[in-house]
Amino acid sequence: MTAITADRPKRPADPALLAGILVAAAAVRLPMFWTSIGGLTTAKIVWYDEAYSIFFASRGLIDAVRLSGYDSTPGLFVALLSAWMKIFGGSIPALAAMSFAFSLLGVWLVWRLGRGFFGDRAGLLAAGLAALDPLHVKFATEIRGYSLLFCLAALSLICLRRFAVRQDAKSGAAWIAVSVLGLYGHVTFGVFLLLENLFLLERRAAGRFRAVRTWLWCLAAGAAGCLPMLLIFRRWHDFFVHAGGSSFFSRAFGHGGVLASLTFFSSILFG
């Protein structure tokens, strides 16, 4: 059997290694709670995009979601941040801690993902790379939806693999539900979702995926689930090309997107 056609064992080969990776991930992300200015180290200073998130979240759940339509990021992050703020308070470290928690959760999900596809060693290697990824570390305390988006992308792939293996409605519903949350996390998740569907299309062409009707029903349900976001969203100009390209293109393929990933792997190979 290939890695995609069978479920992997439930327990990792070495829990101590996984725990060590998670501790290392936390350790290298802790300095992100501080900012260096002119050789001095001070508490984290927010920039204007983060200030938008904080302002929206402080208005309460309903207003946070409504106002998110004027931002480049849909409402899931600010909705969660609003709830987090009520529990842990509105200080900058407390708010940054939510992204920090999602960043660590993302490392664990990458381990689950790698283990599911290629086994325990691959899972540990993937988790180690995610733990030390400079881009992932840099945005670990960013009060924006990036760490959340990473988690949702990893979880979507985990669910996609299960759907590809089991080909049942329950697995398909889980995959599309997480994917819809990914779209509510950031519009650039649409590029990721397209690649996932191309993967299923390839497996269908190779005769390894037969649950086409279930697949189509999942996509229809996902489209219906996106309707509220489409009614709230106001930044449609992000998708149109202007001088220097579109905002959507730059996020998907420029900073933080495909180009950033290629830069990371290039730094591993060539220094």
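The side chains of Arg208 and Glu202 meet in a salt bridge, with N and O 3.5 Å apart. A salt bridge here is a side-chain nitrogen of Lys or Arg within 4 Å of a carboxyl oxygen of Asp or Glu. This is a predicted model: local features need pLDDT of at least 70, side-chain atom pairs count only at pLDDT 80 or more, and totals for chains, interfaces and linings use all residues. Residues are numbered from 1 along each chain as its sequence is written, and side-chain values use heavy atoms, leaving out hydrogens and water.

**Salt bridges**
- The structure holds five salt bridges.
- Side chains of opposite charge can pair when their charged atoms come close.
- Glu50 and Lys44 pair through their side chains, at 2.9 Å from N to O.
- Arg144 bridges to Asp71, with the closest N and O atoms 2.8 Å apart.
- Arg144 lies in the loop between helix H7 (134-138) and helix H8 (146-166), and Asp71 in the loop between helix H3 (61-67) and helix H4 (76-88), so the pair ties together parts that are 73 residues apart in sequence.
- Helices are DSSP runs (H or I, at least four residues), numbered from the N terminus.
- Arg59, Asp63 and Arg66 are linked in a network of salt bridges.

**Buried or partly exposed**
- Buried means under 20% relative accessible area, exposed over 50%, and partly exposed in between (1.4 Å probe, protein chains only).
- Arg208 is partly exposed at 38%, and Glu202 is partly exposed at 41%.
- Glu50 is buried at 1%, and Lys44 is buried at 13%.
- Both Arg144 and Asp71 are buried.

**Cysteines**
- The whole structure has zero disulfides (pairs of cysteine sulfur atoms within 2.5 Å).
- Cys151 is buried at 4%, and Cys218 is buried at 7%.

Methods. Helix = DSSP H or I, 4+ residues; strand = E, 2+ residues; numbered from the N terminus.
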